[in-house]
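Please examine the sequence and the structure shown below.

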Amino acid sequence: MPKHPINVVLGFDFGMKKIGVAVGQTVTSTSSALTILSAQDGVPRWSDIQALIDEWSPDAFIVGLPLDTNGSFQSITYAAQKFGRKIQSRFKRPIYFVDERYTSQ
């Protein structure tokens, strides 16, 4: 359990070339798309993420896990987990992974 309440989260829709970013508010249960970051082989410019953190002061991060329809992992799933762990270690906030199957429907 986090040491303090989670009010603001930054969410990441991971991709190898582009990473979508949204901000969410737990108080209002709302979220809004912010931007799309360029990435090279799944690696963003970390300064772009730092700028978003400086602006929004998130309490935690969410990273979508792209699972196969049967729930199995794919190579992109492992890459998304690696990205999430890297964000957590660089920016020292809790990370939550969320199954993103069927979210486009």
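The paragraphs that follow treat the helix pair and then the pocket. The model is predicted.

Two packed helices are described by the angle between their axes and the distance between the axes. Here, helix H1 spans residues 46-56, and its axis comes within 12 Å of that of H2, the two crossing at roughly 60 degrees. Angles of 65 to 115 degrees would count as roughly perpendicular and those under 35 degrees as roughly parallel; H1 and H2 are therefore oblique to each other. The crossing of H1 past H2 is right-handed.

On the H1 side, the contact is made by Trp46, Ile49, Gln50 and Ile53, which meet Phe83, Lys86, Ile87, Arg90 and Phe91 of H2. By class, the residues of this contact comprise 6 nonpolar, 1 polar and 2 charged.

Attention now turns to the second largest pocket, whose volume is about 160 Å³. Its lining consists of Phe14, Met16, Asp41, Gly42, Val43, Pro44, Trp46, Ala79, Lys82, Phe83 and Lys86. Strand E4 (43-44) and helix H2 (75-91) are the elements that each give two or more residues to this lining, and H2 gives the most, with 4 residues. The lining divides into 7 nonpolar, 1 polar and 3 charged residues.

Trp46, Phe83 and Lys86 take part in the helix contact and also line the pocket.

Notes: Residues are numbered from 1 along each chain as its sequence is written. This is a predicted model: local features need pLDDT of at least 70, side-chain atom pairs count only at pLDDT 80 or more; totals for chains, interfaces and linings use all residues. Side-chain values use heavy atoms; hydrogens and water are left out. On a 1 Å grid over the protein atoms alone, a cavity is a set of points where a 1.4 Å probe fits but cannot get out, and a pocket is an open set with protein on both sides within 12 Å along at least five of seven lines; lining residues have an atom within 4 Å of a point. Grid points are joined across faces, edges and corners, and a volume is the space filled by probe spheres set on the points. Ala, Val, Leu, Ile, Met, Phe, Trp, Tyr, Cys and Pro count as nonpolar, Asp, Glu, Lys and Arg as charged, and the others, Gly among them, as polar. Axes are lines fitted to C-alpha atoms, for helices over the stretch in contact, and angles run from 0 to 180 degrees between N-to-C directions. Angles under 35 degrees count as roughly parallel, over 145 as roughly antiparallel, 65 to 115 as roughly perpendicular and the rest as oblique. A crossing is left-handed if the near helix is turned anticlockwise from the far one by less than a right angle, and right-handed if clockwise. Contact means heavy atoms within 4.5 Å.
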